Amino acid sequence: KATVSVLNWDNPAGASGKTMLGDAEIQKLNFTNPLCSLAGDGTRSYERDGAVKELEVRGVSSGTLQSKLCVHTLMRGCVNSYIELHRLSHRPPVCIDKLAGEMFTISDDDLPWVADVLCEAEEAKRKSKYKAVYEKYIEVADFFEKAGDKVSVIHFHELGLKSVKMNSDKELEGIAHEQLGFAHERQEDFSAGVKCHETFLRLAEASRDPKLKNRANKNLVKAYTHMGKTLEASGDYEEAKEYFEKAVHTAANNGDQDAEAEAYSMLGNITVLLGDLHKALEYQKRFLLVSKQMSSEEKEGRAVRECATLQEQLQQHNEAILSLKRALEIAEEDEDVQGIAHACTQLGNLYTTLQEHTKAVHYHKEAYRVAQLLGDSRRVQEARINVGMAEGNLQWGSAGGSGYVGLINSDIQSLLRWKGQGHLE
């Protein structure tokens with residue numbers, strides 16, 4: 001016989017007494033796959049909170065540990081915990097790595113701890129201590145996360161969320177949504193994460209806690225950004241753009257200029273992929289404006305380079321030169337050698353397009369000098385080629401030709417004179 005608390009199913013907080021149940025009576029509880037035969041006593045030691053504890057089991061068979069723990073859970077009057085524990089302890093091994101074929105089952109060393117925490121959660125629930133209930137379920141969720149059991153992680157986060165919804169503490173409910181969102185994001189389910197963070201923000205606004213609202217906004221901007229990048233990687237540029245727009249709006253409403261600037265940059269880049277260069281330039285100019293407002297020269301430098309690239313593609317050469325010269329100025333102030341090399345190369349290329357070969361030679365030589373300082377052999381070689389072409393353009397362009405590239409590509413007569421006689425007439 002096993003002593004089991006018989007609960008009032010309509011009011012789990014109130015026990016109606018204790019009774020002695022045997023195999024047949026336990027079968028009548030209508031649990032799925034009920035317990036094995038019952039007889040005998042026993043104890044098992046396990047570690048909890050840094051201390052060794054003993055789990056005493058009386059009136060239980062000398063059978064499996066799983067069966068003993070399930071009966072002991074019933075003996076504590078924790079019917080819901082019994083159902084959870086029975087499911088966890090009797091399920092087949094869970095695949096946690098398909099590629100490696102790695103499987104997971106709860107070990108005999110860990111199962112008593114899981115049983116104990118589940119019971120503590122249910123006992124706290126009877127006392128309406130919903131924060132304690134939530135914390136216990138998160139302990140279990142963290143255990144499964146370390147093990148790699150993703151489904152169980154989400155399940156126990158959702159159980160914790162369900163428990164706090166029974167309370168009127170909107171702040172705690174918001175935090176539960178936040179942590180569930182993080183759990184989804186760690187599993188790269190960004191769509192589910194976005195929904196959780198959106199709910200967290202609504203609850204934070206209802207709580208009228210400015211710090212909590214700020215935190216929810218930051219989380220949501222990151223969630224929108226992750227979702228946008230995921231969609232961009234899959235080639236869904238239109239929907240990715242929608243999420244980057246949401247990130248801009250949320251960051252601006254929260255006064256988070258750093259996040260707003262980055263969101264404008266990503267919005268500009270995705271708009272380039274959609275083929276609207278004029279709109280993309282508008283977004284990059286907003287990126288530049290916000291960067292200036294927050295006095296971030298690093299962001300301003302990136303923004304003017306992005307603007308210059310688009311301005312050049314749109315044949316806005318004078319604007320592109322102004323942008324690149326500002327980028328070069330910022331890079332020199334910050335002693336950013338990479339930035340100097342990049343800006344000088346772009347300026348050299350742009351002046352070549354405008355057939356201002358003297359200026360092109362100047363900037364390509366500067367890019368070559370900086371490349372040597374960097375010690376990057378590939379960059380040095382590219383810079384050397386650019387200098388040679390720029391000097392060729394200067395020489396043959398000044399001689400009344402069409403420059404080095406034009407000579408090679410289309411000026412056959414001049415090319416023959418050069419090859420045959422070694423000079424241009």
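## Overall make-up

Among contacts in the protein between residues at least 6 apart in sequence, 47% join residues at least 24 apart. The model is a predicted one. The protein contains 19 helices and six strands. Its chain has 425 residues, and 44% of them count as buried.

## Two helix pairs

Two packed helices are described by the angle between their axes and the distance between the axes. Helix 2 covers residues 65-75 and helix 4 covers residues 111-126; their axes come within 10 Å and cross at roughly 15°. Angles under 35 degrees count as roughly parallel, and helix 2 and helix 4 are therefore roughly parallel to each other. Their crossing is right-handed. On the helix 2 side, the residues that meet helix 4 are Gln66, Leu69 and Thr73. On the helix 4 side, they are Leu111, Pro112, Ala115 and Cys119.

The second pair is helix 9 (residues 210-233) and helix 11 (residues 257-273), with axes that come within 12 Å and cross at roughly 15°. That angle makes helix 9 roughly parallel to helix 11. The crossing of helix 9 and helix 11 is left-handed. Helix 9 contributes Val221, Thr225, Lys229 and Glu232 to the contact, and helix 11 contributes Ala259, Met266, Ile270 and Leu273.

## Salt bridges

Side chains of opposite charge can pair when their charged atoms come close. A search of the whole structure finds 23 salt bridges. One of the salt bridges joins the side chains of Asp116 and Arg76, at 2.8 Å from N to O. This pair links distant parts of the chain, 40 residues apart: Asp116 is in helix 4, and Arg76 is in the loop between helix 2 and helix 3 (79-90). Asp116 counts as buried because its relative accessibility is 9%, under the 20% cut-off. Arg76 has a relative accessible area of 24%, so it is partly exposed.

A further salt bridge, between the side chains of Lys170 and Glu173, has an N to O distance of 3.5 Å. Lys170 and Glu173 are three residues apart in helix 7, so about one helical turn separates them. Lys170 counts as partly exposed at 39% relative accessibility, whereas Glu173 is buried with a relative accessible area of 9%.

Glu391 and Lys365 also form a salt bridge, in which the closest N and O atoms are 3.4 Å apart. Glu391 lies in helix 17 (residues 377-398) and Lys365 lies in helix 16 (residues 357-374), so this pair ties together parts that are 26 residues apart in sequence. Glu391 is partly exposed, with a relative accessible area of 35%, and Lys365 counts as partly exposed at 41% relative accessibility. Elsewhere, salt bridges that share partners join Asp258, Glu262, Glu298, Lys299 and Arg302 into one network.

## A buried arginine without a salt bridge

Arg305 belongs to helix 13, which spans residues 297-313. Arg305 is buried yet has no salt bridge. The nearest side chain of opposite charge is that of Asp336, 5.1 Å away. Leaving aside residues up to four places away in sequence, Arg305 touches Ala327, His342 and Gln346.

## Positive phi in two loops

Most residues other than glycine have a negative phi, and most peptide bonds are trans. Glu188 has a positive phi, near 60°. Glu188 is found in the loop between helix 7 (170-186) and helix 8 (190-207). With 64% relative accessibility, Glu188 counts as exposed, the cut-off being over 50%.

Ser295 is another residue other than glycine with a positive phi, here near 55°. Its place is the loop between helix 12 (277-293) and helix 13. Ser295 counts as exposed because its relative accessibility is 66%.

How values were computed:
Residues numbered from 1 in each chain as written. Predicted model: local features only at pLDDT ≥ 70, side-chain atom pairs only at ≥ 80, totals over all residues. Heavy atoms only, no water. Helix = DSSP H or I, 4+ residues; strand = E, 2+ residues; numbered from the N terminus. Buried < 20%, exposed > 50% of the residue type's maximum accessible area, 1.4 Å probe, protein only. Lys, Arg positive; Asp, Glu negative; His and termini not counted. Salt bridge = Lys/Arg side-chain N within 4 Å of Asp/Glu carboxyl O. Contact = heavy atoms within 4.5 Å. Axes fitted to C-alpha atoms, helices over the stretch in contact; angles between N-to-C directions. Parallel < 35°, antiparallel > 145°, perpendicular 65-115°, else oblique. Left-handed = near helix turned anticlockwise from the far one by under 90°.
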